[in-house]
Amino acid sequence: MNDSSAPDGARLRLTFEAFCDIHERAWAGFARTQVGAHHAAAELVVADMKQHLLRNWAFALRQEIPAAYAWRLLKEHIGSWLDTQSQPAAVQTAAMDAVIADFCRRARWSLENLPEQIGLLSAILGLPERQRDIMILTHCLDLDDDEAAAYLGTPTATLRSNRRHARRRLAAAIGRPDLADREKETR
């Protein structure tokens with residue numbers, strides 16, 4: 001933004017702050033699943049993304065879905081951060097490992113042993129990016145379908161279809177097809 005001292009600049013700043021207040025919990029939660037919580041890396045990634053978003057806030061407001069634009073920025077900043085790490089795959093695996101138990105609880109999956117848990121982690125990391133994001137947003141961060149769909153810039157029905165396919169893939173990958181149709185009670 002150019003001049004935040006002008007009335008329009010102040011108005012833009014207020015809308016930006018309100019937007020961030022609404023979305024920052026999801027951004028930070030997602031960032032933690034990707035970069036881990038060590039050394040406040042997730043908070044740094046989100047702070048950098050917010051600065052980028054602030055500089056382009058007027059442009060963001062012209063987008064059809066500003067939340068989807070911000071989501072793309074977050075993903076770019078996460079990717080840039082991972083590119084700077086000496087072992088990005090290990091960082092991402094450790095971050096994802098930290099959410100597996102939460103995922104299982106919210107998805108109502110009971111995994112019996114370590115090989116199933118490792119299989120689930122591997123399967124989540126192997127999902128197409130869109131399906132992986134959907135599973136993290138709806139099962140790990142517990143966002144409702146409409147909110148998750150807005151972040152991804154997709155219709156809610158498409159989100160649900162992608163989630164159903166992802167659940168089937170994950171269940172098949174760990175050899176537990178019985179888990180494919182167990183959906184959260186609130187969905």
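Modeller: Helices are DSSP runs of H or I with at least four residues, strands are E runs of at least two, and both are numbered from the N terminus. On the H4 side, Ala67, Ala68 and Trp71 make the contact (heavy atoms within 4.5 Å), while H8 brings Ala150, Tyr151 and Leu152. That splits into six nonpolar, no polar and no charged residues, where Ala, Val, Leu, Ile, Met, Phe, Trp, Tyr, Cys and Pro count as nonpolar, Asp, Glu, Lys and Arg as charged, and the others, Gly among them, as polar.

Keep in mind that this is a predicted model: local features need pLDDT of at least 70, side-chain atom pairs count only at pLDDT 80 or more, and totals for chains, interfaces and linings use all residues. Residues are numbered from 1 along each chain as its sequence is written, and side-chain values use heavy atoms, with hydrogens and water left out.

Back to H4: Ala67, Ala68 and Trp71 are among its buried residues, as are Leu73, Leu74, Lys75 and His77. Buried means under 20% relative accessible area, exposed over 50%, and partly exposed in between (1.4 Å probe, protein chains only). The end C-alpha atoms of H4 are 26 Å apart, which agrees with the 26 Å its 18 residues should span at 1.5 Å a residue; that expected span is 1.5 Å times one less than the number of residues.

Zooming out, the protein chain has nine helices and zero strands, and 46% of its 187 residues count as buried.
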